[in-house]
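Subject: Structure handover

Hello,

Here is the structure I promised to pass on. My notes follow below it.

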Amino acid sequence: MIDFASYASGSSGNLYVVTAGAEHPVKIMIECGLPMSDITRLPFRLSDISACLVSHEHKDHSKSARQMAMHGIEMYMTDGTAKAIGLKASEYHGLGFYCPAFLENGASIIAFPTHHDSAEPAGFMVISPESEVLVFAIDTYYMDFAFKRVDIAAVECNHSYEILKKRVADGELDKSVADRVAHSHMALENVVGWLDSCDLWKCREIWLLHMSDDNGDARVFADTVMSKTGIPVHVAERRCLK
Ligand SMILES: [Zn+2]
Ligand SMILES: [Zn+2]
């Protein structure tokens with residue numbers, strides 16, 4: 001069993017939870033980019049979280065990393081990300097790219113490199129004990145890998161080239177800002193190309209993450225991805241806190 005839930009998504013904060021395993025499920029938090037006072041209000045107990053993965057050091061992904069470590073949560077990230085956050089070696093588990101880390105129920109986590117303006121950004125594959133596969137990638141303008149046997153794909157879909165181009169033409173957006181967005185975050189056009197390269201025969205859910213308020217359009221993005229893949233699509237809401 002593998003399941004994905006989004007509690008916050010976008011430049012004002014990110015927090016997701018993966019549940020992996022049928023018989024002895026573990027909960028894996030991905031990103032902790034909310035204040036601790038908000039995280040403790042979410043509808044799960046922190047003591048139920050077996051691991052927290054952090055993709056990169058930008059605050060909307062890592063805001064509470066230190067406090068999470070102080071709460072005794074097992075933190076996982078690349079050494080470059082931990083160094084940029086300022087964590088001590090005793091406060092996290094270093095994830096090397098392509099080297100699996102195993103959790104207590106046999107679920108595993110594999111980090112892979114992504115492309116972003118940060119020290120050592122990573123995406124994550126989470127594999128349940130029953131070999132179900134979730135791929136998570138955020139704040140990356142490109143994906144290098146075509147994944148096989150994906151059950152859930154959770155990927156950034158920040159903007160579309162079409163919207164950026166129109167906003168620049170209308171004088172609403174500076175060309176240099178548009179270029180910077182296109183070289184740090186994932187466009188709809190790239191998401192569609194990446195999904196097309198993956199093996200999605202058993203994929204049951206696609207999540208589109210970190211959508212820009214100004215350069216995104218949830219309905220267009222969901223419709224485009226659904227019509228290309230035939231798979232149900234969720235656009236992660238900015239905040240799910242009540
Ligand atoms: Zn971000
Ligand atoms: Zn970032």
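Threonine 19 is buried, at 9% relative accessible area. Buried means under 20% relative accessible area, exposed over 50%, and partly exposed in between, with a 1.4 Å probe and protein chains only.

Before the rest, some ground rules. This is a predicted model: local features need pLDDT of at least 70, side-chain atom pairs count only at pLDDT 80 or more, and totals for chains, interfaces and linings use all residues. Residues are numbered from 1 along each chain as its sequence is written, chains are lettered from A and ligands numbered from 1 in the order in which they are written, and side-chain values use heavy atoms, with hydrogens and water left out.

Back to threonine 19. It sits in strand 2 (residues 15–20). Strands (E, at least two residues) and helices (H or I, at least four) are DSSP runs, numbered from the N terminus. The side chain of threonine 19 makes a polar contact with the side chain of lysine 27, at 3.3 Å. A polar contact is a pair of N or O atoms within 3.5 Å; within protein, one must be able to donate a hydrogen and the other to accept it, and residues adjacent in sequence count only if both atoms are side-chain atoms. Leaving aside neighbours within four places in sequence, threonine 19 is in contact (heavy atoms within 4.5 Å) with Met1, Ile2, Asp3, Pro25, Val26 and Lys27.

The rest of strand 2 is covered too: six of its six residues are buried. Leu15, Val17 and Thr19 point one way, while Tyr16, Val18 and Ala20 point the other.

Two strands pair if DSSP finds at least two bridges between them.

Strand 1 and strand 2 pair antiparallel over six bridges. Here aspartate 3 has threonine 19 as its bridge partner. Six residues lie between these strands in their hairpin, where glycine 10 takes a positive phi near 125 degrees.

Strand 2 also pairs antiparallel with strand 3 (residues 26–30), over five bridges. Valine 18 is partnered by isoleucine 28, and alanine 20 stands opposite valine 26. This hairpin has five residues between the strands, and glycine 21 takes a positive phi near 115 degrees.

There is also an open sheet of seven strands, in the order 7-8-9-10-11-12-13, again with mixed pairing. Its edge strands are strand 7 (101–102) and strand 13 (233–235), each pairing on one side only. Strand 10 and strand 11 run parallel, joined by four bridges. Valine 135 stands opposite alanine 153 in strand 11.

**The zinc site**

Which residues hold the zinc ion (ligand 1)? Its protein donors are Asp60 (OD), His61 (NE2), Asp139 (OD) and His210 (NE2), at 2.1 to 2.3 Å. Donors are N, O and S atoms within 2.8 Å of the metal (3.2 Å for Na, K and Ca); water is not among the atoms, so sites may look incomplete.

The zinc ion (ligand 2) is coordinated by His56 (NE2), His58 (ND1), His116 (NE2) and Asp139 (OD), at 2.1 to 2.3 Å. Aspartate 139 bridges the two zinc ions, which lie 3.6 Å apart. Aspartate 139 lies in the loop between strand 10 (133–137) and strand 11 (152–156), and histidine 210 in the loop between strand 12 (205–209) and helix 8 (218–229), so the pair ties together parts that are 71 residues apart in sequence. Both aspartate 139 and histidine 210 are buried. Histidine 56 is buried at 1% relative accessibility, and histidine 116 at 11%.

**Cysteines**

How many disulfides does the structure hold? Zero, taking a disulfide as a pair of cysteine sulfur atoms within 2.5 Å. For cysteine 157, the nearest cysteine sulfur is that of cysteine 198, 14 Å away. The sulfur of cysteine 198 is 8.7 Å from its closest cysteine sulfur, in cysteine 203, too far for a bond. Cysteine 157 is buried at 1%, and cysteine 198 at 10%.

Best wishes
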